[in-house]
Amino acid sequence: MSVFLTLLAALVASGACAYHRTSLRTWAIATVATTLVVGVVTGAWITMIVLLVIELAVAVPLLMPAFRRRQISAPLLKMFARATPALSATEQTALEAGTVGFEGELFSGMPDWRVLLKQPRPELSTEEQAFLDGPVEALCAMIDDWQITHELADLPPEVWDFIKKSKFFGMIIPKQYGGLQFSALAHSAVLQKLSTASATVSSTVAVPNSLGPAELLLHYGSEEQKNHYLPRLAVGEEIPCFALTGPYAGSDATSIPDFGIVCKQMVDGVETLGVKLTFDKRYITLAPIATVIGLAFRLYDPEHLLGDTEDLGITLALLPRATPGLEIGRRHFPLNIPFQNGPISGKDVFAPMSTLIGGPKMAGHGWRMLVEVLSVGRAISLPSNATGAMRASAAATGAYARMRKQFGLAIARFEGVEEALARIGGLTYATTALSRATAAAVDRGEKPAVTSAIAKYHATEWARQVAGDTMDVHGGKAVQLGPKNYAARGWESVPIAITVEGANIMTRSLMIFGQGAIRCHPYVLKEMQALSIADYGEKLRTFDRLLFSHIGFGISNAVRSFVLGVTGASIGQSAGDAYTRRYYRKLDRYSAALALCADVFMGVLGGKLKFKEKLSARLGDVLSYLYIASAMLKRYEDSGRPEADRPLLAWAFHECMWRTQAALDGAIRNFPLKPVGFLLRLLVFPLGRREVPPSDRLGRRVAAILTAPGEARDRLVEWVYLTPTPNNTIGRMNALLPDVIAAEPVERKFGKALKAGQLQAHDYEGQLAEAVREGVLTEAEAALLKRVRDGVFEFISVDDFDPAELGAKVTRADRGHETEPQQRIA
């Protein structure tokens with residue numbers, strides 16, 4: 001027993017130091033002292049001496065820096081240099097382009113929650129709120145989405161005019177250039193509200209404020225370019241588009257075949273230095289009506305007119321629509337969401353050097369420009385549109401499920417429907433927090449490369465899930481297209497968001513963990529950068545310091561993962577109130593597990609991990625769910641810890657932890673070296689997989705929030721267009737919902753009278769009149785039932801059409817629209 005106690009004491013002391021991440025010196029002192037004291041007290045002299053010899057043999061060399069660097073670090077440096085895959089120039093640019101925010105804490109294995117909770121609460125300014133309540137509300141009132149998607153395949157002229165006049169295209173442009181200079185949060189709020197009225201309108205507004213000429217000009221444009229273009233872009237005098245994707249280069253943007261040759265050409269009798277461009281682009285949003293085209297191409301300088309380099313790399317330019325040889329093709333038709341989209345091409349198109357964004361000095365810097373700007377735009381545009389659609393689904397489906405009755409009950413009472421409502425509510429809560437977090441990161445000046453990928457992927461994927469559940473709950477109501485159907489276009493539009501700005505398969509498999517593992521890890525990128533230090537002595541000292549910090553980091557995460565797994569994450573200091581403290585501790589546990597698995601996967605597989613996309617995707621899922629859960633906790637704190645929101649928070653948090661567990665299990669189970677996988681499983685799941693999905697009881701509470709007015713529901717459907725105007729079915733449903741709920745006890749009383757045979761009439765109005773005569777109902781109660789029945793009938797009704805109307809082929813000319821895009825823009 002004394003031998004066991006001595007061994008256990010030494011192990012506990014060493015583990016405690018690793019858990020709390022003490023210095024190497026502290027670990028040595030604590031372990032040796034514990035072994036000595038316990039060995040003397042228990043009388044286990046031989047065990048004590050053996051342990052002391054082992055501990056000192058390990059500690060002494062490590063505590064001698066010169067010896068350690070020469071005998072240990074130097075050989076490891078050579079091995080590391082051979083094993084580390086060389087980063088391509090494009091990979092290096094992508095890694096250096098973004099910044100690291102709180103996701104770096106999640107990769108640390110021991111997040112400092114004070115960093116998260118001290119971040120300012122994101123809020124709209126008075127001016128931004130006024131814009132949301134004024135022009136955005138007015139624009140939503142003008143929108144007839146059926147007219148846009150079915151009749152015109154375009155926005156009506158008055159909508160185009162209002163968008164331009166109200167500076168919707170100038171939200172990110174500074175006031176000095178005539179723009180609105182809104183925060184990222186306001187930008188997100190506007191897109192969310194517009195998306196609840198029309199996905200076509202929100203997409204149209206999103207593009208000029210996302211990856212487009214305005215964003216590129218703000219960051220990289222010359223003063224002359226800014227002064228010329230930005231005021232025109234702000235008021236819609238110029239309509240922008242950006243052409244990147246082509247038939248042979250989609251996600252692999254660095255391989256675009258479009259090229260430009262630096263040359264001289266006579267222009268108006270003057271020899272002009274410029275670029276002769278050949279390109280073929282497709283899927284370019286706003287291209288059919290654009291007046292200024294942003295273009296990405298590879299620039300070559302065979303005559304060395306700009307310098308010694310022949311292949312300058314990806315370069316960006318701005319071409320006026322009237323540029324000779326520039327061809328804008330016919331329109332694409334993206335899944336019945338007819339935002340302007342089409343191809344652009346040109347052969348031997350000459351553009352003066354002044355058209356390069358930033359001028360000749362920025363030639364070849366296009367990839368860095370794109371990566372930096374895309375990470376900001378992707379953090380706002382698609383997550384905001386997806387979030388708005390999910391909020392609208394929550395408002396509409398909750399109200400509809402309370403109104404629609406089958407077997408004498410609101411369908412919201414059926415557990416199958418309740419399950420779908422719970423998913424809609426919980427995933428919407430999570431996505432609103434995620435979208436808010438990424439917008440706040442942009443407002444803090446971050447360039448969130450990793451978290452923008454997380455937001456884009458999960459917001460659009462969860463929007464797909466919510467759109468599917470919305471269709472299921474509505475049934476036939478959502479299947480029959482027409483002006484009364486507010487659900488189908490959202491379902492049709494889902495693949496568009498899944499596909500654009502980095503297809504989701506690529507985003508999940510390559511980007512999230514691929515960038516996150518290196519960008520967010522506290523040591524990996526620094527170790528890789530240490531290899532490029534020219535002075536060997538400095539390189540060795542830097543590598544030595546990083547290496548042993550990294551080793552300590554790995555040991556600490558292994559201990560923390562095991563201890564927090566054994567205790568069920570019920571120990572340790574953490575943030576939050578009495579309700580959420582357990583949530584923060586769970587995140588502590590899985591943060592340690594993620595850091596441990598990332599280290600082992602990268603250390604064992606090395607460069608091969610890049611090609612193990614399924615493993616990378618699963619670890620990316622873990623990082624994503626930890627970040628989303630953190631965003632939800634921040635939202636809960638920022639909202640004042642409302643008790644009414646707890647069911648939504650609990651459902652979404654347990655769903656994230658359930659998915660985190662599944663992702664970790666899948667990564668470990670499929671690790672190619674089974675002994676390593678076995679050890680990881682022991683450290684990550686010492687007591688097995690204990691997470692469970694949200695309970696049925698919790699789902700019932702979430703469904704109840706969606707189906708009745710209340711503060712939690714109001715926060716969930718914030719920024720949804722709910723004004724009960726003739727063009728807004730969801731707004732009218734929402735307005736009727738209180739009466740529907742008030743009528744329910746009256747309906748039960750009325751139903752009992754019918755079952756008891758007290759009423760003999762066969763039609764509903766006759767039964768109501770008879771119920772009043774018999775004293776079953778009062779006049780006011782009968783009037784309430786009549787009003788609710790008439791109102792609900794509108795919402796459960798579907799459209800029908802004359803066969804000739806469905807078969808009609810109406811041309812643009814027949815509608816009286818101009819055929820030239822310049823006429824519509826003017």
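1. By class, 10 nonpolar, 4 polar and 7 charged residues make up the lining of the largest cavity, where Ala, Val, Leu, Ile, Met, Phe, Trp, Tyr, Cys and Pro count as nonpolar, Asp, Glu, Lys and Arg as charged, and the others, Gly among them, as polar. The model is a predicted one, in which local features need pLDDT of at least 70 and side-chain atom pairs count only at pLDDT 80 or more, while totals for chains, interfaces and linings use all residues. Residues are numbered from 1 along each chain as its sequence is written, and side-chain values use heavy atoms, with hydrogens and water left out.

2. The structure holds 3 cavities of 30 Å³ or more, and the largest cavity contains about 210 Å³ of space. Of the 21 residues lining that largest cavity, Leu116, Gln119, Ala437, Ala631 and Lys634 are the closest to its centre. A cavity here is a set of points, on a 1 Å grid over the protein atoms alone, where a 1.4 Å probe fits but cannot get out, and lining residues have an atom within 4 Å of a point; grid points are joined across faces, edges and corners, and a volume is the space filled by probe spheres set on the points.

3. Helix α8 (residues 126–142) and helix α11 (residues 184–195) have axes that come within 10 Å and cross at roughly 25°, and the two are therefore roughly parallel to each other (angles under 35 degrees count as roughly parallel, over 145 as roughly antiparallel). The contact (heavy atoms within 4.5 Å) is made by Glu128, Phe131, Leu132, Val136, Glu137, Leu139 and Cys140 of α8 and by Ala186, Ala189, Val190, Lys193 and Leu194 of α11. These residues divide into 9 nonpolar, no polar and 3 charged. Axes are lines fitted to C-alpha atoms, for helices over the stretch in contact, and angles run from 0 to 180 degrees between N-to-C directions; helices (H or I, at least four residues) and strands (E, at least two) are DSSP runs, numbered from the N terminus.

4. The axes of helix α15 (residues 366–403) and α16 come within 9 Å and cross at roughly 150°, which makes α15 roughly antiparallel to α16. By class, the residues of this contact are 13 nonpolar, 10 polar and 1 charged.

5. Helix α25 (residues 646–669) packs with helix α26 (residues 674–684) at an angle of about 155°, their axes being 9 Å apart, and α25 and α26 are therefore roughly antiparallel to each other. On the α25 side, Leu664, Asp665, Ile668 and Arg669 meet Lys674, Gly677, Leu680, Arg681 and Val684 of α26; the contact has 4 nonpolar, 1 polar and 4 charged residues.

6. Which backbone angles deserve a second look? Most residues other than glycine have a negative phi. Tyr283, although not a glycine, has a positive phi of about 65°, and this residue is found in strand β3 (residues 270–285). Phe407 likewise has a positive phi, near 55°, and is found in the loop between β8 (405–406) and β9 (409–410).

Technical notes: Parallel < 35°, antiparallel > 145°, perpendicular 65-115°, else oblique. 1 Å grid on protein atoms, 1.4 Å probe; cavity = no way out; pocket = protein on both sides within 12 Å on 5 of 7 lines; lining within 4 Å.
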